[in-house]
Amino acid sequence: MTARTLFDKVWDAHVVHQLPEGPALLYVDLHLVHEVTSPQAFEGLRQAGRRVRQPALTVATVDHNVPTGDRAAPIADPIAARQLEALAANARDFGLELFDLRSPQQGIVHVIGPELGLTQPGMVIVCGDSHTATHGAFGALALGIGTSEVEHVLATQCLVWSKPGTMEARVSGALPPGVTAKDLILALIGRIGTAGATGHVIEYTGEAMRALSMEERMTVCNMSIEAGARAGMIAPDETTVVYLAGRPRAPRGAAWDRAVAKWRELHTDSGATYDKHIELDASEVAPQVTWGTSPGMVTPVTGRVPSPADFTTDAEQRAVTRALEYMGLAPGTPLEGLPIDRVFLGSCTNARIEDLRAAARTVRGRHVATGVRAMVVPGSQQVKAQAEREGLDRVFSEAGFEWRNAGCSMCLGMNPDVLQSGERCASTSNRNFEGRQGRGGRTHLMSPPMAAAAAVAGHIVDVRKWAGELAAR
Amino acid sequence: MMEPFVRHTGRLAALARANVDTDQIIPKQFLKRVERTGFGPALFHDWRFRPDGSPNPEFELNHPAARGATLLVAGENFGCGSSREHAVWALREYGFRAILAQSFADIFFANCCQNGLLPVRLLPQEIAELFRRHQAAGGEYQLTVDLEEQRVHDGLGFRTTFSMEPYRREMLLHGLDEIGRTLRFEDRIGAYEKGRA
């Protein structure tokens, strides 16, 4: 048999039918649904008199527009409330499991899938959200889809997809202290650009990836879309198996043993080839901070804001000029020392328990700087509960952070958590687009320890300089 | 169902920006609707309107010559970011039938094909030539996009071809319902499910 990549193996196992005109019908093992990109899909089913083909493979939650304040209070925004009611009605009418605002398992769809053990190696997973790539950390083929495709998957349990190319991102070495998976993926995006992997699925390989925890792997895969890839994957290994063991929806008993045996086959064969290839040395990565309005506009924290003249093409120069104007930054400004107004610790990229622990270690015994408003939004109610068991909520609260309920929150600003125009935010989220966190808001993407340190200092700092002190704790 | 796209002649609007993300095309405050309609007025909202709600005269689509445009030429990696199909619904409702760019983000490209909005990939020098011709004509520039022939021309010497996967081309040409198309293979889906059980 010919040598195959991890991607090939998952793809081949899910082809229901190869259409002569190009794409394949690919079977979907898990369809995650949320309130914002699904109402039109359910309406389409109703109008056509169609049902959901596999309700048991479809799981719904609310995350994008939910308030993160008091859960007992009614939702102030009537349009947001209508969307939540629509999902509840659709789940009821079509027989789907729903983790709603009252559920202790509610949370960001890409946080709850893995923590419930719904996400498993070798699956094809889809969701009407581009950060579905997150689940690829388990060796699943997971991708974001549009609402029409959501409707298609609901009705047929299949996705129509033309086989994409493959790209290997091989990461050697080890991350230095103070440098995280977030810095690694930002550095990669900075290198290949936001369209560097368009039309491809990335497989992250190499000793640096093997050394990462599941939470860190999810952070890396999550931002594959910011490099243009619809999906990112990491082959499952012992770390994956240990993470999944005993999760509520993971297989049990003999089924578990069979599943683990299958998962162990999910790796790229030696001799298999990729269409594209990039190498990165983790030991050379520094903490990253974005300076512009695209995740590729990123530099090590020791760097300076570039000048349009540093770029070659007209299009790049125009983009940089525009980005600097929007961000209110002059060329040559050092990133370190840049004052910030807000801090957001959250999102499907960086709101898992390890992220909160890393941020809490940074702020313990310190206090948020005067004039800075800082917020922690756990990725799920379970992450929140775990953090509270560990006393992290008190660490954050005593340091002056707001401690919230789970949701997407200020990552996309659909709920009441938004930046005011001109406010500068250190954010652990994934997109620094114009207006993403609120019209006129200025987002700097960075890791949880970097954002936590910025909250304390009141400006962007190189968290590595705190390393000696942090290690002593 | 979806309006078929065979060929279309219309006025071209130009947006000389790269990496136009779907957050710009339709900002998040407009994603709370549960219908597929009502997004056109919010297209490019934060670029198109000033904070006081008045039209921003600097924005490309607000130029008088861009009024009534049905074709859009834009920079590379158009439609990157969020998977929100609302971006495509907004572009369609505003009146666009086709977008021409050097490259599109994958999810956006797929969403376009689901809604009769034709995404046309051209070479960088062809996109540059369209921008040049658009500017030289003071924005009064007409173009024909022909999916049947897979050609773009302006009747004034600009003429090129583009490729489109046969599956998607078929769907766009005839405005096919993709679910109906897939359900022709329902027996195979059933057999696959049985084989796994």
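Trainee: At roughly what angle do the axes of helix α2 (residues 39-48) of chain A and helix α5 (residues 147-156) of chain A cross, and within what distance do they come?

Mentor: This is a predicted model, in which local features need pLDDT of at least 70 and side-chain atom pairs count only at pLDDT 80 or more, while totals for chains, interfaces and linings use all residues. Residues are numbered from 1 along each chain as its sequence is written, and chains are lettered from A and ligands numbered from 1 in the order in which they are written.

The two axes come within 8 Å and cross at roughly 50 degrees. That makes α2(A) oblique to α5(A); angles under 35 degrees count as roughly parallel, over 145 as roughly antiparallel, 65 to 115 as roughly perpendicular and the rest as oblique. Axes here are lines fitted to C-alpha atoms, for helices over the stretch in contact, with angles running from 0 to 180 degrees between N-to-C directions. The helices (H or I, at least four residues) and strands (E, at least two) are DSSP runs, numbered from the N terminus.

On the α2(A) side, A:Gln40, A:Ala41, A:Gly44 and A:Leu45 make the contact, and on the α5(A) side A:Thr147, A:Val150, A:Glu151, A:Leu154 and A:Ala155. Two residues are in contact if their C-beta atoms, placed from the backbone, lie within 7 Å. By class, these residues of α2(A) and α5(A) are 5 nonpolar, 3 polar and 1 charged; Ala, Val, Leu, Ile, Met, Phe, Trp, Tyr, Cys and Pro count as nonpolar, Asp, Glu, Lys and Arg as charged, and the others, Gly among them, as polar.

Next comes burial. In α5(A), 10 of the 10 residues are buried, so the helix is largely enclosed by the rest of the structure. Among them are A:Ser148, A:His152 and A:Val153. A residue is buried if 20 or more other C-beta atoms lie within 10 Å of its own, exposed if 12 or fewer, and partly exposed in between.

Just after α5(A), A:Gln157 takes a positive phi of about 60 degrees. Strand β8 of chain A covers residues 158-161, with A:Cys158 and A:Val160 pointing one way and A:Leu159 and A:Trp161 the other, and all are buried. In a regular strand the side chains alternate between the two faces of the sheet. Strand β2 (residues 24-27) of chain A runs antiparallel to β8(A), joined to it by 4 bridges; strands pair if DSSP finds at least two bridges between them.

The contact between the chains takes 53 residues from chain A and 41 residues from chain B. Elements that each supply at least two residues of the chain A side include α2, α5, β2 and β8. The most comes from α5(A), with 7 residues. By class, the side of chain A that touches chain B has 20 nonpolar, 23 polar and 10 charged residues.
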